[in-house]
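This report examines how parts of a two-chain model are packed against one another. The sequence and structure are shown first, and the discussion follows.

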Amino acid sequence: MAFEILEPGLATTVQDRGRFGYYNVGIPQGGAMDGLSAEMANALAGNTPAEAVLECTYMGPRFRTDRDTVIAVTGAPVDVKVNGGTRGQWSRLELAAGDEVAFGILQGGTRFYIGVRGGIDVPVVLGSRSTYGLGSIGGFDGRPLRAGDLVPVGDSAGPSGGREPLQEIDPGLRPRFEKEVTVRVMPGLYDHRLTARGMETLLNSIWTLTPVADRTGLRYSGPEVEWQPRQQPFGAGSDPSNIVDAGYAVGSIQIPGGKEPIVLHRDAVSGGGYAMVATVISADMDLLARSAPGTKTRFTPVGMEEALAARAEQRSLRARLWGAGA
Amino acid sequence: MTAAAAGTTARYTWGGDEFLFVEIDEAMSLAANFRANAMASLLDLDKIDGITDICPANASLLIRFDPDVLAPGELEERVRRIEETVARTAHPTLDTRVVEIPVWYNDPYTNETAARFRANHQRPEGTDLEFAAQENGLSSVDEFIKRHYGSPWLVSMVGFVAGLPFMFQIVPQEQQLEVPKYLSPRTDTPALTVGHGGCFACIYSVRGAGGYQMFGIAAAPIFDPAQSLPDFKEFMVFFRPGDIVKFRPVDEAEYRKIQDEVEAGTFRYRQAPVQFDLQRALEDPAGYNREILERLNGI
């Protein structure tokens with residue numbers, strides 16, 4: 001079966017949990033930016049957490065299904081319309097062959113997810129179905145969807161192993177889409193290159209997410225951050241924020257020229273010549289992905305132990321979605 | 001044993017709960033890059049559960065791991081042991097290959113792009129090559145191009161975007177070509193542009209943004225997602241860290257001929273296996289480079 005794309009939306013891509021093991025040649029992990037919301041869409045559609053979903057940015061697609069199926073819409077708040085009638089997010093939606101699905105205007109956040117029984121069934125490239133647009137690999141022909149695309153959907157006998165799919169996500173478990181967020185970071189990497197005052201500015205200021213935010217990274221505006229002047233080492237650029245080009249951690253924060261910190265996200269460039277001074281902990285990457293431009297953001301420092309505790313907490317939340325068997 | 005006595009002087013730091021970063025040296029050098037690559041190779045051989053990515057860079061190493069499988073402290077200990085092993089290696093060598101990359105220097109594609117972004121440039125009049133020649137105190141563009149292809153380059157890192165090689169020329173530091181990046185990055189760079197920023201050369205694997213000066217265009221792909229060319233049968237990315245690159249200047253006629261071969265699916269890079277010896281490269285770069293390049297003869 002397939003979804004026929006009538007209107008593509010602004011940037012609708014196929015994503016799963018990502019592509020690991022190729023960062024050493026510059027191919028990023030990719031995968032759903034808001035991983036928890038994507039996983040919830042799969043849970044509702046009766047899939048495993050590994051199936052591919054559609055990630056919709058700001059403006060969703062309009063599409064028609066050619067078979068009876070089950071979908072679920074999760075993530076940023078948006079009106080879901082089936083044949084013009086309004087339906088809810090965070091719950092199982094049954095569709096009949098020929099039904100048309102469309103979306104209203106986003107009421108917060110940035111991205112929402114469409115899960116479908118059987119998953120989006122594009123070819124697996126280097127271990128993943130995720131779209132890597134810059135390299136034109138994965139997803140649907142390595143690019144965002146266009147009108148007229150027939151997006152293949154997997155066998156709806158499905159791989160869920162006979163487990164009864166969830167009817168809806170408990171409101172207490174649903175992610176929130178807020179205008180003010182606190183993001184936990186681990187200082188490190190080249191943090192010694194900032195002055196003490198520079199680090200204080202990074203950790204004590206309120207940063208505003210600019211519209212320059214995509215799958216590669218998010219840029220924030222705020223005060224200038226002070227770097228330590230130095231005689232630059234051979235091969236590093238001339239600015240104090242430059243280093244000899246190195247690998248970039250996903251989630252790391254760089255502050256080119258001391259202005260407008262950039263946090264790298266799932267489609268990160270894998271390396272470059274700007275010093276990183278802290279890294280968003282893995283448990284808070286989804287939170288960043290949910291931020292809309294204008295979101296007031298604080299970066300609060302934590303250590304490895306707290307980061308691992310937050311990660312364990314995330315894991316147990318996810319386990320609740322899948323029950324004891326998963 | 002102290003770290004200094006063991007010759008282990010790298011700096012270890014965490015990039016959040018999933019990345020360990022090992023800085024071999026603040027400055028770029030062949031020796032630092034060699035150590036990063038040697039550590040990456042040994043770590044890869046160990047096949048440690050919980051390590052997902054091993055990314056050697058110019059003078060550092062980035063390791064991604066799953067802390068649910070491999071505790072951060074244990075990972076650090078394993079990597080430190082590998083650093084000691086590498087430091088003890090009296091005579092470091094690298095089993096690699098030398099590859100010939102045909103380049104059309106001073107081509108119309110990159111020159112046209114450079115002209116469109118002249119407002120971002122240190123030298124708004126002229127071309128990137130004229131700027132690079134001047135920055136390096138060379139009398140002409142031709143002389144700069146000769147220096148660029150005259151000595152081979154070591155692929156010191158692959159990344160930024162899919163398959164993009166960073167290269168460091170195998171010459172003494174005082175002979176390194178150094179050119180600053182654009183004042184602000186371009187929003188467009190032709191695919192296969194041969195670029196330069198600081199002391200590093202690169203080849204842009206895909207079209208996109210970029211800040212390196214542009215000197216020419218490589219004639220054949222280095223990233224082939226469709227894997228249609230024989231050199232890409234195993235993997236869609238051509239370059240690996242440690243590759244030795246010899247640029248060969250070609251004119252328009254030869255560039256077009258190579259393009260036809262690419263189109264026909266018959267193009268193959270000239271390449272030969274080589275064992276790269278760090279000490280010899282440092283002691284007699286000119287002589288050793290000649291020896292390496294001879295490997296390409298008859299291929």
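The axis of a helix is here a line fitted to C-alpha atoms over the stretch in contact, and angles between N-to-C directions run from 0 to 180 degrees. The structure under discussion is a predicted model.

In chain B, the axes of helix 1 (residues 30–46) and helix 2 (residues 72–88) come within 9 Å and cross at roughly 125°. Because of this angle, helix 1 of chain B is oblique to helix 2 of chain B. Their crossing is right-handed. On the side of helix 1 of chain B, the residues that meet helix 2 are R35(B), A38(B), M39(B), L42(B) and L43(B). Their counterparts in helix 2 of chain B are V79(B), I82(B), E83(B), T85(B) and V86(B). By class, the residues of this contact comprise seven nonpolar, one polar and two charged.

The largest nonpolar core has 177 residues, and A41(A), V277(A), V103(B) and M167(B) have the most contacts inside it. Helix 1 of chain B supplies the largest share of this core, eight residues.

Strand 7 (residues 165–169) of chain B contains F166(B).

| Residue | Residues in contact |
|---|---|
| F166(B) | D245(A), N58(B), S156(B), M157(B), F200(B), C202(B) |
| M167(B) | W153(B), L154(B), V155(B), S156(B), F200(B), A201(B), C202(B), V245(B) |

The contact between the chains takes 40 residues from chain A and 42 residues from chain B. On the side of chain A, the elements that give two or more residues are strand 15 (242–247), strand 18 (271–274), strand 19 (276–280) and helix 4 (304–322). This side has 20 nonpolar, 18 polar and two charged residues.

Within chain A, eleven of the eleven residues of helix 1 (residues 35–45) are buried, so this helix is largely enclosed by the rest of the structure. Among these buried residues are G35(A), E39(A), A41(A) and A45(A). Their cover includes strand 2 (13–15), strand 3 (53–57), strand 5 (69–75), strand 10 (111–116), helix 3 (285–290) and helix 4 of chain A. After helix 1 of chain A comes G46(A), with a positive phi near 85°.

Technical notes. Residues numbered from 1 in each chain as written. Chains lettered and ligands numbered in written order. Predicted model: local features only at pLDDT ≥ 70, side-chain atom pairs only at ≥ 80, totals over all residues. Helix = DSSP H or I, 4+ residues; strand = E, 2+ residues; numbered from the N terminus. Parallel < 35°, antiparallel > 145°, perpendicular 65-115°, else oblique. Left-handed = near helix turned anticlockwise from the far one by under 90°. Contact = placed C-beta atoms within 7 Å. Nonpolar A, V, L, I, M, F, W, Y, C, P; charged D, E, K, R; others polar. Core = buried A, V, L, I, M, F, W, Y, C linked by C-beta atoms within 7 Å. Buried ≥ 20, exposed ≤ 12 C-beta atoms within 10 Å, placed from the backbone. Lists of a residue's contacts leave out its neighbours within four places in sequence.
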